[in-house]
Amino acid sequence: MAERTIISKKASNIRKMFDAIAPEYDKLNRLISFGLDSTWRKSAVKLVSRTGARHILDLAAGTGDFTIALSNAIPSARIVAADLSQNMLREADRKFVERGMSQVSTVQCNALHLPFKDNTFDAITCAFGVRNFSDLERGLGEMYRTLRPGGVAVILELCEPDRRISRGLYKLHAFGVIPVLGAILGHNRKAYAYLPESIRRMPQRNGMKSIMEGIGFSRASFKVFPPGVCAMYVAYKPL
């Protein structure tokens, strides 16, 4: 019971933080990533589209940019955009309605307790969201449970560069520039100071791959995009 209470409190704090920054979220993401986030998303969408997935869960969907990219690439797919933050999903719903995306639905839920049956989805994606899970293994376990046998999990997540020079520049940007931009443009320094801290605490590269394999995923792999601050993790639920 105590553990559940701690997790619920963490989830509540995360939800409140993202509710607060939802209106400026897209603009600030483009700015702090120098527009590279769009390139990273395109690579993940291309991989999912090659699998032939027709029922997709986009977890931690936020304001829906990744969901929209998936829908554009796979127009015949039914996609569920799920997120803990109601305000984020309101932004997403607005975009979906503007684009006439009737094949997309939204669900507000906690990633640790997904309201879906076992073996539901052909593919589950999560772009820049798993670091916010209050229990990473439980969240990945829920992805595994709701993925059908043979289905694919594709995760994009930020990471720290492993080269000394790049790491120095990254720390200057992450711990110095980003919180200032968050304060000036997003009016929420605390939320954007949280970003580099959440990345620092996140298992990365082989560490993340090992966790996914421990949960039961097979053929787990990862690719780190230049300049070394974003990784794509891909794994399958065995047949």
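This is a predicted model: local features need pLDDT of at least 70, side-chain atom pairs count only at pLDDT 80 or more; totals for chains, interfaces and linings use all residues.

Author: Residues are numbered from 1 along each chain as its sequence is written, and side-chain values use heavy atoms, with hydrogens and water left out.

Reader: What share of the chain's residues is buried?

Author: Buried means under 20% relative accessible area, exposed over 50%, and partly exposed in between, using a 1.4 Å probe and protein chains only. The chain has 239 residues, and the buried share is 51%.

Reader: How are the rings of Phe116 and Phe121 arranged?

Author: Rings of Phe, Tyr and Trp (its six-membered ring) pair if their centres lie within 6.5 Å; planes under 30 degrees apart count as stacked, over 60 as edge-to-face and the rest as tilted. The whole structure holds four aromatic pairs. For Phe116 and Phe121, the centres are 5.1 Å apart and the planes at 85°, so this pair is edge-to-face.

Reader: Is Tyr233 buried or exposed?

Author: Tyr233 pairs with Phe222, their centres 6.0 Å apart and their planes at 40°, so that pair is tilted. Phe222 has 28% relative accessibility and counts as partly exposed. Tyr233 is at 2%, so it counts as buried.

Reader: Which ring does the charged end of Arg219 sit over?

Author: A charge sits over a ring if NZ of Lys or CZ of Arg is within 6 Å of the ring centre and within 35 degrees of the ring normal. The charged end of Arg219 is 3.9 Å from the centre of its ring, which belongs to Tyr236.
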